[in-house]
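Here is a short briefing for a first look at this structure. Start with the picture, then read the points by topic.

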Amino acid sequence: MSDALPARRYVFPEPGETIGLLAKRVLPDVDDGSQLLLSLNLHLAMRPFPIGGPGELLCSDLVYVEPPVA
């Protein structure tokens with residue numbers, strides 16, 4: 001029997017994808033999905049260096065699409 005908690009769902013961005021485009025892809029029914037993704041991924045919201053254009057992500061960025069499991 002395992003005591004491990006279920007993992008949070010996450011995705012990796014496609015090349016050239018911004019937080020806005022990613023939100024439209026993974027949260028199509030959520031208004032202002034980019035703000036929701038940023039609130040779930042503070043490591044992206046507080047990134048100290050720019051990456052290309054505003055909101056652009058790296059293909060290696062791990063982006064959570066749901067809150068932590070309680």
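The points below cover the overall fold, the core and the charged pairs.

This is a predicted model: local features need pLDDT of at least 70, side-chain atom pairs count only at pLDDT 80 or more, and totals for chains, interfaces and linings use all residues. Residues are numbered from 1 along each chain as its sequence is written, and side-chain values use heavy atoms, with hydrogens and water left out.

**Overall fold**

- The chain has three helices and two strands. Both kinds of element are DSSP runs, numbered from the N terminus: helices are H or I with at least four residues, strands are E with at least two.
- Along the sequence, the pattern reads β-α-α-α-β.
- The C-alpha atoms fill a box of roughly 45 × 25 × 20 Å, taken along the principal axes.
- Of the 70 residues, 29% count as buried. Buried means under 20% relative accessible area, exposed means over 50%, and partly exposed lies in between (1.4 Å probe, protein chains only).
- Take the contacts (heavy atoms within 4.5 Å) between residues at least 6 apart in sequence. Of these, 60% join residues at least 24 apart.

**The core**

- The largest nonpolar core has 10 residues: Val11, Ile19, Leu22, Ala23, Leu27, Leu37, Leu44, Leu57, Val63 and Val65. Helix H1 (residues 19–26) gives the most to this core, with three residues.
- A nonpolar core is a set of buried Ala, Val, Leu, Ile, Met, Phe, Trp, Tyr and Cys residues joined through side-chain atoms within 4.5 Å.
- In soluble globular proteins, nonpolar side chains tend to be buried together.
- Leu57 belongs to this core. Leaving aside neighbours within four places in sequence, Leu57 touches Pro13, Glu17, Thr18, Ile19, Leu22, Leu44 and Val63.

**Charged pairs**

- The structure holds two salt bridges. Each needs a side-chain nitrogen of Lys or Arg within 4 Å of a carboxyl oxygen of Asp or Glu.
- Glu66 pairs with Arg9, and their closest N and O atoms are 3.2 Å apart. This pair links distant parts of the chain, 57 residues apart: Glu66 lies in the segment after strand S2 (63–64), Arg9 in the segment before strand S1 (10–11).
- Glu66 is partly exposed, at 21% relative accessible area.
- Glu17 and Arg25 form a salt bridge too, at 3.0 Å from N to O. Glu17 is buried at 8% relative accessibility, whereas Arg25 is partly exposed at 39%.
- Side chains of opposite charge can pair when their charged atoms come close.
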